[in-house]
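Trainee: I'd like to learn how to read a model like this one. Can we take it one feature at a time?

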Amino acid sequence: MKTILFVEDESTLQKTFGEILKQEGYEMISALDGEIGLRLAKIKNPDLILLDLILPKVHGFEVLKKLKEDKETKDIPVIVLTNLEGIGNVEKAIELGATTYLVKANYSLEEVIEKIKKALGE
Amino acid sequence: MNLKKIFEQFNIPVQCKKYGLPLWQCPHFLFLVMGIIIIVSTLVVYAVGSRYVEDPQVVVLIVLLVAAILFTIAVIITRSFERLAEANRMKSEFVSIVSHQLRSPLSNLRWVIELLTSGRANGVSEKQLEYFKILKENSDRMRELISDLLIISRIETAKLSLKKKEISLEDLIRKTIEELEVFAKASNVKVEFGAKENLPKVFADPSQIRLVIENLLDNAIRYIKEKGQVEIKLEKIDKHCRFEIKDTGVGIPKEDQKYIFQKFFRSENVMRYQTQGSGLGLYIAKSVVEKSGGKIGFKSEEGKGSTFFFTLPIK
């Protein structure tokens with residue numbers, strides 16, 4: 001069973017997404033802030049990371065940067081899943097090593113699942 | 001770095017862009033113009049004064065007085081313009097922040113509703129599903145409204161950046177028609193599209209132009225009563241591609257025609273049988289087309305229908 005780490009501070013979203021990922025046959029680990037997200041990425045070594053940008057304690061960009069700098073976590077694909085849309089953010093995330101950048105408001109749940117499958121090579 | 005910042009203060013076009021205002025409304029530019037007027041008028045007063053007044057001290061006094069009055073007026077005018085520009089910028093920023101903040105809870109809401117209506121959640125009855133669908137429709141409308149507001153705040157703060165490239169308008173139109181096919185069928189509207197052969201590509205931002213076509217087509221379908229027809233034409237005129245969309249809808253009353261591209265404007269005859277709509281679509285369409293180097297316009301007769309057109313430059 002593949003594991004997905006979901007770094008997101010909204011517990012509603014954690015719940016909704018957890019339910020669906022479970023149905024799709026994945027195991028979901030949730031982290032409610034950037035700091036825990038970074039720690040769990042190292043300990044659990046997930047197959048994929050879903051990362052929000054506006055996070056308590058450590059900002060998403062910082063998390064992404066540290067993940068990609070660390071030998072142990074640098075090969076884990078990261079999908080940025082956020083509502084932050086400003087100019088330059090997409091470019092910055094891709095530059096830092098994110099696989100895809102998804103603006104929550106523009107995607108349905110099914111579309112996000114599709115992107116996850118694609119990133120996992122399924 | 002600091003020197004660069006100081007230099008930037010004098011770079012009028014950059015300062016004006018910050019406010020997203022045209023040059024003649026920009027406080028920095030106005031101050032420059034006022035300065036020139038003051039210098040010219042003091043010189044004129046000096047020239048005229050020294051001719052008719054014998055005492056040079058009196059001439060200098062008059063010149064100083066005139067300069068002081070003009071300077072006071074200039075400061076008052078530019079100050080008030082600056083305050084207006086600042087208020088305008090803050091308003092746009094406010095819209096942008098509020099829209100962003102509204103987006104997060106709305107995304108949660110939409111996803112939960114999607115979960116409930118997708119059949120993934122167990123134990124949802126037929127009747128409940130019906131209600132959830134209503135929730136879904138309304139949250140979708142809210143999402144569209146928020147994304148329109150965000151585009152507008154970007155237009156107004158001059159932050160709407162167009163990623164221009166060569167695109168085929170024809171493909172873009174076909175895709176948009178396909179997307180709105182269900183809506184057209186449900187509204188008993190037949191959409192026809194005829195393009196001249198071998199049309200060149202245009203140079204524009206595909207996602208923004210798609211938004212323009214979508215808005216125009218959606219309007220054309222939406223404002224047809226009972227049943228009707230929409231005709232789209234595409235042709236090349238000189239160095240432009242011209243898109244035209246003709247409908248057999250309700251048309252725009254003459255007295256409303258001059259307001260049609262203003263934001264939040266909705267014609268009264270339209271509101272009588274279509275309550276949906278934010279009055280933002282045409283404002284966005286006009287801003288995008290003009291920013292892309294094209295023109296937009298329309299002809300309309302109440303009760304007969306409307307024809308909208310826009311042009312885009314060929315590279």
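**Charged partners, strands and loops**

Mentor: Let's start with A:K117, which counts as partly exposed at 29% relative accessibility. The scale calls a residue buried under 20% relative accessible area, exposed over 50% and partly exposed in between (1.4 Å probe, protein chains only). Keep in mind that this is a predicted model, where local features need pLDDT of at least 70, side-chain atom pairs count only at pLDDT 80 or more, and totals for chains, interfaces and linings use all residues; side-chain values use heavy atoms, with hydrogens and water left out. As for labels, residues are numbered from 1 along each chain as its sequence is written, while chains are lettered from A and ligands numbered from 1 in the order in which they are written.

Trainee: Which residue forms a salt bridge with A:K117?

Mentor: A salt bridge here is a side-chain nitrogen of Lys or Arg within 4 Å of a carboxyl oxygen of Asp or Glu. For A:K117 the partner is A:E24, and their closest N and O atoms are 2.9 Å apart. A:K117 sits in helix α5 (residues 109-119) of chain A and A:E24 in the loop between α1 (11-23) and β2 of chain A, so the pair ties together parts 93 residues apart in sequence. Those helices (H or I, at least four residues) and strands (E, at least two) are DSSP runs, numbered from the N terminus. A:E24 is partly exposed too, at 24% relative accessibility.

Trainee: Which residue of chain B forms a salt bridge with A:E24?

Mentor: That's B:R120, with the closest N and O atoms 2.7 Å apart. This pair crosses between chains: B:R120 is in the loop between α4 (56-117) and α5 (126-156) of chain B. B:R120 counts as buried, at 14% relative accessibility. Put together, A:E24, A:E110, A:K117 and B:R120 are linked in a network of salt bridges. Over all chains, the whole structure has 23 salt bridges.

Trainee: And how do I read a sheet?

Mentor: Strands of a sheet pair through backbone hydrogen bonds, either parallel or antiparallel. Two strands count as paired if DSSP finds at least two bridges between them. Chain A has an open sheet of 5 strands in the order β2-β1-β3-β4-β5, with parallel pairing. Its edge strands, each pairing on one side only, are β2 (27-31) and β5 (100-103). In chain A, β4 (residues 78-82) and β5 pair in the parallel sense over 4 bridges, and A:V80 stands opposite A:Y101 in β5(A).

Trainee: Which strands of chain B run antiparallel?

Mentor: Look at β6 (residues 296-301) and β7 (residues 305-313) of chain B, joined by 6 bridges. B:G297 has B:F309 in β7(B) as its bridge partner. The hairpin has 3 residues between the strands, and B:G303 takes a positive phi near 90° there.

Trainee: What does B:D205 touch?

Mentor: Again not counting residues up to four places away in sequence, B:D205 touches B:S161, B:L162, B:K163 and B:K164. The C-alpha atoms of B:D205 and B:K164 are separated by 4.2 Å, though the two are 41 residues apart along the chain. B:D205 lies in the loop between β3 (202-204) and α8 (206-222) of chain B and counts as buried at 6% relative accessibility.

Technical notes: Contact means heavy atoms within 4.5 Å.
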